[in-house]
Amino acid sequence: MIFFICAHKELVGGVRSDAQLLRRTTIVDQRHNSVLLVSAVMLLWFGAANAGSPPGWSLAGSKPQAYEIGVETASGSGSSAFLKSRIENTGGFGTLMQTFSAESYRGKRLRMTGMAKATDVENWAGIWMRIDGSDQKKMLGFDNMQDRPIVGSTEWQEYNVVLDVPDESEAIAFGILLVGSGRVLVDDIRFDEVGKDIAETNSSERLPVEPSNLDFETK
Ligand SMILES: [Ca+2]
């Protein structure tokens, strides 16, 4: 739980600084548009990794300076985003994230689905979603896959996070996080309203419907 609270504060702090950085970077990028275009065309053919925030996304976390985000384009299979460590001992986590209004999803159960691929993830990684109210100290919902982490090296695989969006929700933050060193790719994220028959993945909310094994006879 301590990690959850720390993560929340760091993520909120990281967004503001990154938004400012992004604005500055955009101005510089416009000056070098022609150079970037030529480079992009040359690299695209072989598959390229372009450093810098994908539009709409930012880098945050407890140690964002230890991580790098960007877009990777593989020949024939489109673009995905990467989040990777810049150093071996990161001393924390980095996340590729964005935030949007909860307005369209209030009172609904929301499932986030994303494709992810891990390479040499030393500690763990996961896709995550957080539901925020007007009081930023209190999360209304949060799941970062800590109880079902992505570890080591994996092929492309689909992952889900399911959370209720209470009526008092203001914002929905989401992304992919990487704790420690390694590299993750993420792509094709989508959000769907689901019924109450689909269980929430928020571990603290996932309580059994009934008490069980009260006579201790279950083997
Ligand atoms: Ca894609």
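Colleague: What pattern does the protein chain follow, read along the sequence?
Modeller: This is a predicted model. Its chain runs α-α-β-β-β-β-β-β-β-β-β-β-β-β. That comes to two helices and twelve strands.

Colleague: What is the mean pLDDT of the protein chain?
Modeller: The mean is 81. Of the residues, 74% reach 70 or more.

Colleague: Where does pLDDT stay under 50?
Modeller: Over residues 1–47. The model has 32 contacts beyond four places in sequence for that stretch. Where pLDDT is low, predicted coordinates should not be read in detail.

Colleague: How do you know that β2 and β5 pair?
Modeller: Pairing needs at least two bridges. Strand β2 (residues 58–61) and strand β5 (residues 93–101) have four, so they pair. The sense is antiparallel. Within β5, Met97 is the bridge partner of Ser58.

Colleague: How many bridges join β5 to β11?
Modeller: Nine, and the two strands run antiparallel. Strand β11 covers residues 171–179. There, Ala171 is the bridge partner of Ser101.

Colleague: Which strands pair with β6?
Modeller: Strand β10 (residues 157–165) is one of them, with nine antiparallel bridges. Gly114 has Tyr159 in β10 as its bridge partner. β12 also pairs with β6 in the antiparallel sense, over ten bridges. Here Met115 has Asp187 of β12 as bridge partner.

Colleague: What share of the contacts with a separation of 6 or more comes from residues 24 or more positions apart?
Modeller: In the protein chain, 77%.

Colleague: How many residues does the largest nonpolar core have?
Modeller: It has 39. Leu83, Leu96 and Leu178 are among those with the most contacts inside it. Across the chain, 31% of the 219 residues count as buried.

Colleague: Which residues does Leu178 touch, not counting those up to four places away in sequence?
Modeller: Among them are Tyr67, Phe93, Val121 and Val184. Leu83 and Ala125 are also touched by Leu178. Both are listed with Leu178 among the core residues with the most contacts.

Colleague: Why is Asn202 called buried?
Modeller: The cut-off is 20 or more other C-beta atoms within 10 Å. Asn202 has 21 such neighbours, so it counts as buried. Its place is in the segment after β12 (183–194).

Colleague: What is Asn202 in contact with, leaving aside neighbours within four places in sequence?
Modeller: Gly141, Phe142, Asp143 and Leu163. Asp164 is 38 residues from Asn202 in sequence. Their C-alpha atoms are 9.1 Å apart.

Colleague: What makes the phi of Asp120 worth a look?
Modeller: Most residues other than glycine have a negative phi. Asp120 is not a glycine, yet its phi is positive, about 55°.

Colleague: What is the phi of Asp188?
Modeller: It is positive, about 50°, and Asp188 is not a glycine either. Asp188 lies in strand β12.

Colleague: How do you know whether Asp188 is buried or exposed?
Modeller: Count the other C-beta atoms within 10 Å. Asp188 has 12. The limit for exposed is 12 or fewer, so Asp188 is exposed.

Note on methods:
Residues numbered from 1 in each chain as written. Predicted model: local features only at pLDDT ≥ 70, side-chain atom pairs only at ≥ 80, totals over all residues. Contact = placed C-beta atoms within 7 Å. Core = buried A, V, L, I, M, F, W, Y, C linked by C-beta atoms within 7 Å. pLDDT = per-residue confidence, 0-100.
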